[in-house]
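Please look at the sequence and the structure shown below.

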Amino acid sequence: MLNNIIDSYLASNPEKNCCWFNGVWTKRRDFRELADNVTDILRSSGFTPGQRLVVLMPNSPVMLALMYAAWKLGGVFCPLNEKTGEISLLRTLDLLKPFAVVLSDSVKGDIESALTNAGWPVVRFNPEKLTGGENFTGKTQPADDYDKTLAVIFSTSGTTGDPKAVPLTHDNILDNCRECLEHVPDLQPDDSLLNVLPNFHAFGFTICCVLPFVLDATQVLLASFMPPSNAIKAIEQTKPTVLLLVPTMIGFMTSMLERQGKTISGVKLLIAGGDRYNPKMDDRVTAAFGVPLIEGYGITECSPVLAVNPKPDVRKLGTVGPALPRFELQLRTESGELLPIPGEGVLWAKGPSVTTGYYHAPEINKERFIDGWFNTGDYVHIDEDGYIKILDRVTDIIIVGGFNVYPQEVEAILAEHPAVSLAVVVGMPNDMSGEVPKAYVIPSKDTHTTEGELVKFCKERLSHYKVPRAIEFVDSLPVSATGKILRRVLRQKEREKK
């Protein structure tokens, strides 16, 4: 169990630093006190094994303590984006059926009112002052044996726009951490890891948040990456040896460092994932950070890291490296027929880091999980050395600064507007975040709306990164001979404008 790993970590050297946050280093003994206090609060509220605790909070020691407390009491930690829209949040809670919802002070009061009106117990913690959690009583929910094996549930949206959740066990996450340490030998116990990626994201959670405990390392916690100048200042002050970032963040920081005529010193490893890295940036990035970047690839269902270039001197630029040691890989056609390796095809994966299926979603599981094999939905090339190059996404996911946006979720929200007859959302190239959503809308007859009105409508219902940055009104959309909308034609149209 991961809480046992954390227990051993905290007991091994109480005077050693655990984490940095808001300019202050917290020692392991002090974090132990915080974690024990949070555990007592959760226990007294009635939290029992198998219960789900939903947390909407930025990265902070309190969030780490809530994670530990949930595990200590045999429960499941469910981190969500604190900027999740009200409608999406309520749908997700209906799926997860949590014991309670923990909010940070930054979450708006109208969200709390909506949760309370829907019958969900709410409690606030202040991550800045490390206080909160006044007396509350949760809502006891059924917990079957399946729930009792879980450590975390990550929530996202399915292809219909309905919530979809990825449950990961303690063994899934621990295996992924240990495989990373075996695969990337330069990660060592005396390292300090930057934890700025949101911890509701699988990459940020497993690698930035949990891995330091497994590695016996320290972590530098930032509540937010923006503005980039604050992130650079924190790195300069704390000197983390391992930076874990998405390419968008690296681009922001590289440009800012160049403008200031500065470089980052003391970095041993610079690791990127979550989106494609532009090889044309490589010389600039190396100059800015003092080390070459190594690129990896992950997917939430794999806990999340599936592959990474092991070391700068053996990396293949433009690839995400070979798979971690205990993954088995297959290439298949879109219809599921096996293809040879080396070669190209849809990537399927199997291994102890892979979830056994989506949370209470048997129909989706039949499509994506077959005999222990998971369909990643990504079209890749695997070379003779096992290095993987991501060629395209078979699915229609839009990646905005490392965050997944499922077009169907945005389309479902747009379809609720009375002036929208049909909406199709695709990724539009963007210099800062890689892609942003764009909607093509066929208006309903005898109605009128504007781009601004539809954007406002989406902002009230979706997380900010999911809101379309542009809306184009059209009379028709490209379709195939069978009537299927050709998203690739719309994507190509956007690329040609660039």
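Predicted model: local features only at pLDDT ≥ 70, side-chain atom pairs only at ≥ 80, totals over all residues.

Residues are numbered from 1 along each chain as its sequence is written, and side-chain values use heavy atoms, with hydrogens and water left out.

Strands of a sheet pair through backbone hydrogen bonds, either parallel or antiparallel. Here, an open sheet of 3 strands has the order E24-E25-E26, with mixed pairing. Strands (E, at least two residues) and helices (H or I, at least four) are DSSP runs numbered from the N terminus, and two strands pair if DSSP finds at least two bridges between them. Strands E24 (420–430) and E26 (470–473) stand at the edges with a single partner strand each, so one side of each has no neighbour in the sheet. Strand E25 (residues 434–443) pairs with E26 in the parallel sense over 4 bridges; Tyr440 has Glu472 in E26 as its bridge partner.

The second largest pocket is lined by 38 residues, and nearest its centre lie Asp275, Arg276, Asn278, Gly434 and Glu435. A pocket is an open set of points on a 1 Å grid over the protein atoms alone where a 1.4 Å probe fits, with protein on both sides within 12 Å along at least five of seven lines; lining residues have an atom within 4 Å of a point. Strands E24 and E25 are among the elements that each supply at least two residues of this lining, while the largest share, 6 residues, comes from helix H10.
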